[in-house]
Amino acid sequence: MRDSAEVARRLIGVTLLVDGVGGVIVETEAYDREDPASHTFSGPTARNAVMFGPAGRAYIYLSYGIHWCLNFVCRESGHGAGVLIRALEPTAGIATMIERRGQTDLRRLCSGPGRLGQALAITHALNGMRLDKRPFSLKPRRGRVRVISGPRIGISKAIDQPWRFGLAGSQFLSLPFR
C-alpha cells in the first residue's frame, strides 16, 4: 500500500464504522518502522506482529493497560507501518456510544484513541481483522476536506515529526493543533 503519512492524511474525512457504530475520521497519526516512536521500530514481536503483515488490517493494542487503540496497517508485508485513529466526529450509533462511554458531550465521545476505542467497542478480538470486511466499514470522503498537520501527541521520541493530521475546524479533535 502507501506511506503511512500519506494514508493518515487521506483517512481524514473517511467514515469509519464498527458494526454500524462510528463516524467521520477527524484525526490520525502516522507511524513507520524507521520511526523511533513506532511499536515496530525494534522489529517484530508477538504484540506488533500484525503490523508486519498485509496492509488493510486492524492493529489493536492496549495503551496504559486500560485503553484499546485502533490502528490501520498500511504498508506491504514485512515493513511495519500504520496509522493510529485518534478521533472521530460521531455520526452513527450515537446512543450506543453514549451508553458505552457514559458520556453525553458529543465532542468528547470519540476525541482521543482510548475514548474512540471504548465508544466503538474496540478489543483485542479485532486485532488482525481485515478493514474491508465486517465488522469494519469504511466509506469514502464526501467532497474535499482541508487537512492540517503537526507534531504527534503523547510520545517521547520523534516528537517533532509532523505526522499528526486533522480536519481543519473540527470540534471533535483530541487536542487543538498548535
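Author: The model is a predicted one. The chain has 178 residues, of which 51% count as buried. Four helices and eight strands make up its elements, and from the N terminus on they run α-β-β-β-β-β-α-α-α-β-β-β. Among the contacts with a separation of 6 or more, 57% are between residues 24 or more positions apart.

The salt bridges in the chain number seven.

Begin with strand S8, residues 164–167. Both of its faces are covered: Arg164 and Gly166 are buried on one side, Phe165 and Leu167 on the other. S8 has strand partners as well. Strand S2, residues 21–31, pairs with S8 in the antiparallel sense over three bridges, and Glu27 has Gly166 as its bridge partner there. Strand S7, residues 147–150, also runs antiparallel to S8 and is joined to it by four bridges; in this pairing Ser149 stands opposite Phe165.

Glu27 belongs to strand S2 and is buried, with a relative accessible area of 0%. Leaving aside neighbours within four places in sequence, Glu27 is in contact with residues including Ile12, Leu84, Arg86, Ile153, Phe165 and Leu175. Arg164 is also in contact with Glu27, and the two form a salt bridge in which the closest N and O atoms are 2.7 Å apart. Because Arg164 lies in S8 and Glu27 in S2, this pair ties together parts that are 137 residues apart in sequence. Both residues of the pair, Arg164 and Glu27, are buried.

A second salt bridge joins the side chains of Arg86 and Glu29, at 3.8 Å from N to O. Arg86 lies in strand S5 and Glu29 in strand S2, so here the parts tied together are 57 residues apart in sequence. Arg86 is buried at 8% relative accessible area, and Glu29 is buried at 0%. Through shared partners, salt bridges join Glu27, Glu29, Arg86 and Arg164 into one network.

Helix H1 packs against this region. In H1, residues 4–11, the buried residues are Ser4, Ala5, Val7, Ala8 and Leu11. Seen down the helix axis they fall within an arc of 160 degrees, so they line one face of H1. They pack against S2, S8, strand S4 (67–73) and strand S5 (82–92). At the start of H1, a side-chain oxygen of Asp3 comes to within 3.0 Å of the backbone nitrogen of Ala5. After the helix comes Gly13, with a positive phi near 95 degrees.

Arg10 and Glu6 are separated by about one helical turn, because they are four residues apart in H1. Arg10 is partly exposed, at 46% relative accessibility, and Glu6 is partly exposed as well, with a relative accessible area of 29%.

Asp132 counts as exposed because its relative accessibility is 54%. The side chain of Asp132 makes a polar contact of 2.8 Å with that of Arg130. C-alpha to C-alpha, Asp132 and Arg57 are 8.4 Å apart in space, although 75 residues separate them in sequence.

Terms used
Residues are numbered from 1 along each chain as its sequence is written. This is a predicted model: local features need pLDDT of at least 70, side-chain atom pairs count only at pLDDT 80 or more; totals for chains, interfaces and linings use all residues. Side-chain values use heavy atoms; hydrogens and water are left out. Helices (H or I, at least four residues) and strands (E, at least two) are DSSP runs, numbered from the N terminus. Buried means under 20% relative accessible area, exposed over 50%, partly exposed in between (1.4 Å probe, protein chains only). Contact means heavy atoms within 4.5 Å. Two strands pair if DSSP finds at least two bridges between them. A polar contact is a pair of N or O atoms within 3.5 Å; within protein, one must be able to donate a hydrogen and the other to accept it, and residues adjacent in sequence count only if both atoms are side-chain atoms. The arc is that of the directions from the helix axis to the C-beta atoms. A salt bridge is a side-chain nitrogen of Lys or Arg within 4 Å of a carboxyl oxygen of Asp or Glu.
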